[in-house]
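Subject: Structure for you to look at

Hello,

Here is the structure I said I would pass on.

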Amino acid sequence: MNFVSVRIITSDVQRLVRFYGEITGMPATVYTEDFAELATPSCTLAIGSTRTLMLFGGDIARPADNHTAILEFRVGDVDAEFARLSDLIRNVTVQKPTTMPWGNRSLLFRDPDGNLVNFFTPVTAEAIRKFDK
C-alpha cells in the first residue's frame, strides 16, 4: 500500500490553489474549476470543490470545518520560510517557529479555509535520521 494523496474540500478551489502555490512555490495542475492537484515528490495535495462531493454520494464532507488534521510540509529552513511568508500568514499564524520536543523546528498556521498547516525542519540528529530513511 502507498499513501499518495490528501484532499481538501473547499467552496473556493481557486483561492486554495493560489494559497498553496504561494506557500510551497510549486505549481498546481488545475484539471477543472472543481479539482486541482499540487504534486510533491512524496504526496499529492488535491483540492476539490463541494460540487465534487456529489460524485461520492452527496453531503459527506464540509468545507472549512477541519478540527483534527494538520497538513505537514518538510522544508529546508523553517525560519527562512516564516520570513518569506510573514505578510501572507501574519493574521493566521498559530505558532511562530519553535523547536518541538521530538526534534523538529515547526511553524504552524492556517490556510484560508482554516485548515492547519505545519512547515517543519528536523533539527536534532535523531529527527534528521528519522526523515532521511
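The secondary structure of the chain consists of three helices and eight strands; helices (H or I, at least four residues) and strands (E, at least two) are DSSP runs, numbered from the N terminus. Starting at the N terminus, the order of elements is β-α-β-β-β-β-α-β-β-β-α. With a radius of gyration of 16 Å, close to the 14 Å that the globule rule gives for 133 residues, the chain is as compact as a globular protein of that length. That radius is taken over C-alpha atoms, and the globule rule is 2.2 Å times the number of residues to the power 0.38.

Two notes on how to read the values. This is a predicted model, in which local features need pLDDT of at least 70 and side-chain atom pairs count only at pLDDT 80 or more, while totals for chains, interfaces and linings use all residues. Residues are numbered from 1 along each chain as its sequence is written, and side-chain values use heavy atoms, with hydrogens and water left out.

Now the sheet. Four strands form an open sheet in the order β5-β8-β7-β6, with mixed pairing; two strands pair if DSSP finds at least two bridges between them. Its edge strands are β5 and β6 (93-99), each of which pairs on one side only. From one strand to the next, the twist averages 15 degrees. β5 and β8 pair in the parallel sense, over five bridges. Phe-73 stands opposite Phe-119 in β8. α2 lies across β6, β7 and β8 and runs at about 10 degrees to β7. Such angles run from 0 to 180 degrees between N-to-C directions, with axes as lines fitted to C-alpha atoms, for helices over the stretch in contact.

What about the interior? Of the 133 residues, 38% count as buried (under 20% relative accessible area, with exposed over 50% and partly exposed in between; 1.4 Å probe, protein chains only). The largest nonpolar core has 21 residues, where a core is a set of buried Ala, Val, Leu, Ile, Met, Phe, Trp, Tyr and Cys residues joined through side-chain atoms within 4.5 Å. Among those with the most contacts inside this core are Tyr-20, Leu-45, Phe-73 and Phe-119. Its largest share, six residues, comes from α1. The core lies between domain 1 (1-58) and domain 2 (65-132), because both give residues to it; the bounds come from an automatic or database domain assignment.

Leaving aside neighbours within four places in sequence, Leu-45 is in contact (heavy atoms within 4.5 Å) with residues including Tyr-20, Leu-71 and Phe-73.

Regards
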